[in-house]
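Look at the structure below. Keep the sequence beside it as you read.

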Amino acid sequence: MLIFHCGDIHLDAPFAALSRDKAQIRKNEVRSSFASIISAALEKKADVMLIAGDLFDSPTPSKSAIDFVTTQLNRLSPMPVFISAGNHDYLTYGTYCGCVELGEHVHVFKDALENVRLDTLKLNIYGASFTSAESNCLIENFKAENADGINILCIHADITAQSRYNPVSLPQLTECGINYAALGHLHTSSLQKVNGMLIAYCGTPNPHGFDEAGAKGYIEVRIDGNAMDAAFFEIPSRRYIVTEMDVSPFCDNDSLINALSNIINSRDLYKIVFAGTLRNGFEISVPYILSRLDYAFFVKAEDKTRIEIDVEALLAEETLRGTFARALKEDIQDNDTLFYEALRIGLDALAGRETF
């Protein structure tokens, strides 16, 4: 038996940091990722599809997104599909209730935990949905009621005690009598076996920000009698990459750009963090650097560099900088560390640089 476990697709996510055209590209790439999962399920003849929340990015998605999902899920018919709504696409009239028909083979869990029995597969699928953007624990005091077959929980949840998004604990999951916890909410895939059961976050198949590094995809669960195994499968996608660049060895912006051109490709999205010490009068120009990297799909930069300070020369300057340094030295006489840090911050402020 083969079960597909995916979630956190976030169809219709706005990608607000991108230009209109590139946001449109990313929206369609997210759709393509979901369609790839559907195609893989058909190719591998999966028996069940589990979608663990946040299929849409909003509780009221566009008609286009709803039509797209309906078309994709209809490709799977008559394969059973189970959906637990998450904190982004929680149950409202506009998504899963009332007006939206996703197909007879699709079951959307309601707000109270429920069980759907698949007799031919000897599967018990448990699940519940968010009904607002936040939720208390949805599996409080839950115990699987059917010992005959495999018990699976499909739910959007956070294994964090203080979470506002259906907080669950490992003991709750390991002691409730399920064999596989198909979880959504975290965008990084993870698999762990605890006391003989499997707990898995499928992650998102397509990243949405710089806090979502690494491979993205879905999980396949194979069951043979009482034996169960799960594996992550990557969906190729653009990556969000954070790169720290030490500017200390560089003397001008062009040499820095040349070094960056060996790192940055035209496919992925980059956040460059410039760090280190600017020497010999080198003034970093982020706008100029970004203009020279315009071949990349998306690049932004953060300047955390520090200017090299010749304190003795500065104290002798008849300038506003020198006056500031002398006044600061007079005020802070017994703490060199505090003096240098305050001097650095003050000089950055005088130069109009961001202070940190």
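This report covers strands, cysteines and a pocket.

## About the model

This is a predicted model, where local features need pLDDT of at least 70, side-chain atom pairs count only at pLDDT 80 or more, and totals for chains, interfaces and linings use all residues. Residues are numbered from 1 along each chain as its sequence is written, and side-chain values use heavy atoms, without hydrogens and water.

## A covered strand

Start with strand E8, residues 180-184. Strands are DSSP runs of E, at least two residues long, numbered from the N terminus. In E8, 5 of 5 residues are buried (under 20% relative accessible area with a 1.4 Å probe, protein chains only). In a regular strand, side chains alternate between the two faces of the sheet. Tyr 180, Ala 182 and Gly 184 point one way from E8. Ala 181 and Leu 183 point the other way.

E8 pairs with strand E7 (residues 150-156), in parallel, through 5 bridges. Two strands pair if DSSP finds at least two bridges between them. Cys 154 has Ala 182 in E8 as its bridge partner. E8 also pairs in the parallel sense with strand E10 (residues 197-201), over 4 bridges. There, Leu 183 stands opposite Tyr 201.

How many disulfides does the structure hold? It holds 0. A disulfide is a pair of cysteine sulfur atoms within 2.5 Å. For Cys 154, the nearest cysteine sulfur is that of Cys 202, 8.5 Å away. The sulfur of Cys 202 has its closest cysteine sulfur in Cys 6, at 6.3 Å, which is too far for a bond. Cys 154 is buried, at 0% relative accessible area. Cys 202 is buried too, at 0% relative accessibility.

## An open sheet

Three strands form an open, parallel sheet in the order E13-E14-E16. Strand E13 (240-246) and strand E16 (298-303) stand at the edges with a single partner strand each, so one side of each has no neighbour in the sheet. E13 and strand E14 (residues 269-275) pair over 7 bridges.

## The largest pocket

A pocket is an open set of points on a 1 Å grid over the protein atoms alone, where a 1.4 Å probe fits, with protein on both sides within 12 Å along at least five of seven lines; lining residues have an atom within 4 Å of a point. The largest pocket has a volume of about 220 Å³, the space filled by probe spheres set on the points, which are joined across faces, edges and corners. Its lining includes Leu 278, Phe 282, Glu 308 and Arg 353.

Technical notes. Buried < 20%, exposed > 50% of the residue type's maximum accessible area, 1.4 Å probe, protein only.
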